[in-house]
Amino acid sequence: SWYSHPVRAGDTLATLFTELGLPEGTLARARRALPRNAQRLRAKGTAYLLMDRRNLVMELVIPTSKSQQVRLTRLRANEQFTAVSEPLNAHVGSRAELAAARPAASLPSAVEAKRKQEMLAQREAAAEGEDTLITSTDRPRLVVIRMGKGKSFSTAARASGLSRREVSIITSAFSGKISTKALGEGDTVRVLFNGVGSKSLINAVAIKSRQGSATLYRNSIDQRFYEENGYHPPRFDGVFRRFPLAGEIVITSHFNPHRLHPVTRHVAPHNGVDFKAKIGTPVYAPANGVVTYTGYHRAAGYYMIIKHNDSYSTVYMHLSKFDVRNGSSVRAGQVIAKTGATGRVSGPHLHYEVRVNGRSVDPIKVRLPGTGGAVARQPSKDAEMFKANVRAYKSDLYRESLTYASPRR
């Protein structure tokens, strides 16, 4: 996944790694590869990091001017970085992909580094007789933020244990309903999480203010926030097209569990089919659904997953551009992306997969769903699931015992 981090005046690669809690060995490798003119980072720019599942840096993007950047890349964690100069933001295919990068401050290493800083700040504050902050590891399931005189929502929320990203999520979710910037003395914000500590997700937020009152609940299906009666899942129209491309269909590689990979020359399952397609060819949603993932992988390149119902999902790899965002509802025939040649490929094409109950099947031979049956009933199931979650969240939002991470002594 891509992560972004703002660059401040005077920042160097060392200060960046220290703030994010990244290994010194990775810093040493990055320093050796980084050109001299990029050792001091460009202020007011943004650095990007591509992290693997073990939270190791696989790519590092450093802005060097208003129009240029240096990208450090490696395929394995024990390899040296290779530096490439390129146009600014050339590491992504679209502005949407750029905006989808997660804050680097949410990395586990950065959270741990921040926790240590908070502990130091608490000791200093205690010595001065000031109120201490709630540490992220001690944060309870239910956080109640009571706005004081002259305090901003961001300041009050951070003092209560919320991260900058969580503050941003709440502000964005209530946009057009209640302005968090206008919250003042006497207003309250109740934030319900799905667990204790900073790694938990926001389940519900209730705001009571002079502007009015509103409560939003997270929908586990598309990860968006809705009012109690605000979620209306899209209906499936019975159409599930065989191919995600228009015009002449040319298959360059079939579904094959024992295929010899054309690049690595190793036997590896080919869990989909490859369609011949020039870079920039429109990709169409074969059926109604919800985009559950958009991201980058060094082998799959830019790829996307769409969930169509309880059983069926589709996967699209080696894309050059996303035309929809993660969490977007799409309809059959809608343009969702453009083909490309990103990732580990021998040439431009679209890799397409169909999965049934999480298992890859041959997209050419699988029996696709039609009208009626489980597919037609899916929207009502989604709505029932959301309502059941809302009932549980409403109860927990005002359960004061949840405001403590552990029993009171």
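Is asparagine 89 buried, exposed or partly exposed? In this predicted model, asparagine 89 is partly exposed, with a relative accessible area of 28%.

## Overall make-up

The protein chain contains seven helices and 21 strands. It has 409 residues, of which 44% count as buried. Among contacts between residues at least 6 apart in sequence, 61% join residues at least 24 apart.

## Helices H1 and H2

Helix H1 covers residues 13-20 and helix H2 covers residues 24-33. Their axes lie 10 Å apart, and the two helices pack at an angle of about 155 degrees. Angles over 145 degrees count as roughly antiparallel, and H1 and H2 are therefore roughly antiparallel to each other. Their crossing is right-handed. On the H1 side, Leu13, Ala14 and Phe17 make the contacts, and they meet Thr26, Leu27, Ala30 and Arg31 of H2.

Which residues of H1 are buried? They are Leu13, Ala14, Leu16, Phe17 and Leu20. Seen down the axis of H1, these buried residues fall within an arc of 160 degrees, so they line one face of the helix. An α-helix has 3.6 residues a turn, so residues three or four places apart point the same way.

## Between H1 and H2

Just after H1 comes glycine 21, which takes a positive phi of about 65 degrees. The loop between H1 and H2 also holds proline 23. Proline 23 is partly exposed, and its relative accessible area is 38%. In sequence, proline 23 and serine 109 are 86 residues apart, but from C-alpha to C-alpha they are 9.0 Å apart in space.

## Helix H6

Helix H6 consists of residues 164-173, and its buried residues include Glu166, Val167 and Ile170.

What covers the buried residues of H6? The cover includes helix H5 (153-159), strand S8 (188-193) and strand S9 (202-209).

The largest nonpolar core has 35 residues. Within this core, Trp2, Val283, Met304, Tyr316, Leu319 and Ile336 touch the most other members. Several strands each supply at least two residues of the core, including S2 (46-51), S13 (273-276), S15 (289-297) and S17 (312-322). Apart from this core lies another, of 25 residues, among them Leu16, Phe17, Leu34 and Val70.

Valine 283 can be taken as an example from the largest core. Leaving aside neighbours within four places in sequence, the contacts of valine 283 include Pro244, Leu245, Tyr316, Leu319, Ile336 and Leu350.

## Two residues with positive phi

Asparagine 89 lies in the loop between strand S5 (82-87) and helix H3 (95-99). Its phi is near 65 degrees, a positive value in a residue other than glycine.

Histidine 318 also has a positive phi, of about 65 degrees, although it is not a glycine. Where does histidine 318 lie? Histidine 318 is part of strand S17. Histidine 318 is buried, with a relative accessible area of 7%, whereas asparagine 89 is partly exposed.

Technical notes. Residues are numbered from 1 along each chain as its sequence is written. This is a predicted model: local features need pLDDT of at least 70, side-chain atom pairs count only at pLDDT 80 or more; totals for chains, interfaces and linings use all residues. Side-chain values use heavy atoms; hydrogens and water are left out. Buried means under 20% relative accessible area, exposed over 50%, partly exposed in between (1.4 Å probe, protein chains only). Helices (H or I, at least four residues) and strands (E, at least two) are DSSP runs, numbered from the N terminus. Contact means heavy atoms within 4.5 Å. A nonpolar core is a set of buried Ala, Val, Leu, Ile, Met, Phe, Trp, Tyr and Cys residues joined through side-chain atoms within 4.5 Å. Axes are lines fitted to C-alpha atoms, for helices over the stretch in contact, and angles run from 0 to 180 degrees between N-to-C directions. Angles under 35 degrees count as roughly parallel, over 145 as roughly antiparallel, 65 to 115 as roughly perpendicular and the rest as oblique. A crossing is left-handed if the near helix is turned anticlockwise from the far one by less than a right angle, and right-handed if clockwise. The arc is that of the directions from the helix axis to the C-beta atoms.
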